[in-house]
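Colleague: Before I use this model, I'd like to go through the labels attached to it. Could you show me where each one comes from?

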Amino acid sequence: MKVKALSFILASTLVLTACSPTKEDIGTLAGAGTGAAVGTQIGGGRGQLAAVVAGTLIGAYIGKSIGRSLDEVDRMKMEQALERQPTGETYSWQNPDSGAEYAVTPTRTYERDSGPCREYTTEAIIDGQREVVHGTACRQADGRWVAVN
């Protein structure tokens, strides 16, 4: 039951972001996936299903907030962190225009047939609010890193 609910929620999010994903869409998807994964670790039965749904919604909200605040320079810095930072080492910066602060820490690196992927944690301080999102990104053939959850 929980796998079906999680699959439905994530599939719905993918449908919403499939056409031309914006930075908010990508953040929403990453946050929703993280929240759903956390929810699966809580309780059992209906309680666990409720935790998955709540985790997905909360994660999507936080992810969307972080995604909305990222501008082109921030995305470039995030890609640099994924490309260059050793696992476990944090890359931090502050956006001079928005005042938002970011810290990206790659937490695991692995290979897929299509190339390298990295799990990461992003900590952001936006308008005084601290938010944390965990995600996974894979390098595309053109060198861009794209969030996969």
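Colleague: What makes E111 count as exposed?

Modeller: E111 has 60% relative accessibility. Exposed means over 50% relative accessible area, buried means under 20%, and partly exposed is in between, with a 1.4 Å probe and protein chains only. At 60%, E111 therefore counts as exposed. E111 lies in strand β2, and its C-alpha atom is separated by 8.9 Å from that of C138, 27 residues along the chain.

Colleague: What kind of model is this, and which pLDDT values do local features and side-chain atom pairs need?

Modeller: It's a predicted model: local features need pLDDT of at least 70 and side-chain atom pairs count only at 80 or more, while totals for chains, interfaces and linings use all residues. Residues are numbered from 1 along each chain as its sequence is written, and side-chain values use heavy atoms, with hydrogens and water left out.

Colleague: How many helices and strands are there, and in which order do they run?

Modeller: The chain has 4 helices and 5 strands, running α-α-α-α-β-β-β-β-β from the N terminus. Both are DSSP runs numbered from the N terminus: helices are H or I with at least four residues, strands are E with at least two. Of the 149 residues, 40% are buried. The chain exposes about 8,600 Å², with 56% of that supplied by carbon and sulfur atoms; the areas come from the Shrake-Rupley method with a 1.4 Å probe, and for residues only the protein chains shown count as cover.

Colleague: Why are C117 and C138 called a disulfide?

Modeller: Their sulfur atoms are 2.0 Å apart, and a disulfide is a pair of cysteine sulfur atoms within 2.5 Å. By that rule the count comes to 1 disulfide. C117 sits in strand β3 (residues 115-126) and C138 in strand β4 (residues 129-139), so the pair ties together parts that are 21 residues apart in sequence.

Colleague: What makes that disulfide right-handed, and are its cysteines buried or exposed?

Modeller: The torsion about the S-S bond is about 105 degrees, so the disulfide is right-handed. C117 is buried at 0% relative accessibility, and C138 is buried too, at 3%.

Colleague: Why is the pair of Y91 and W93 called tilted?

Modeller: Rings of Phe, Tyr and Trp (its six-membered ring) pair if their centres lie within 6.5 Å; planes under 30 degrees apart are stacked, over 60 edge-to-face, and the rest tilted. The count comes to 2 aromatic pairs. For Y91 and W93, the centres are 5.6 Å apart and the planes make 40 degrees, so the pair is tilted. Ring pairs link Y91, W93 and Y102 into a cluster. Y91 is partly exposed at 22%, whereas W93 is buried at 8%.

Colleague: Which residues make up the largest nonpolar core?

Modeller: There are 12 in all, among them M78, L82, W93, Y102, Y120, I126, A137 and W145. Such a core is a set of buried Ala, Val, Leu, Ile, Met, Phe, Trp, Tyr and Cys residues joined through side-chain atoms within 4.5 Å. The elements giving two or more residues to this core are α4, β2 and β3. A137 touches L82, Y120 and W145, among others, not counting residues up to four places away in sequence; contact means heavy atoms within 4.5 Å.

Colleague: How do you know that Q85 is buried?

Modeller: Q85 has a relative accessible area of 16%, and the cut-off is under 20%, so Q85 qualifies as buried. Q85 lies in the loop between α4 (72-84) and β1 (91-94). Its side chain reaches the backbone oxygen of E89 at 3.4 Å.

Colleague: What is the relative accessibility of A103, and what does A103 touch?

Modeller: A103 is also at 16%, so it counts as buried. A103 belongs to strand β2 (residues 101-112) and touches T90, Y91, S92, T121, T122 and E123, again leaving out residues up to four places away in sequence.

Colleague: Where is D127, and what makes D127 exposed?

Modeller: D127 lies in the loop between β3 and β4. Its relative accessible area is 75%, so D127 is exposed. D127 also has a positive phi of about 50 degrees although it is not a glycine.

Definitions and conventions: Polar contact = N/O pair within 3.5 Å; in protein donor to acceptor, adjacent residues only side chain to side chain.
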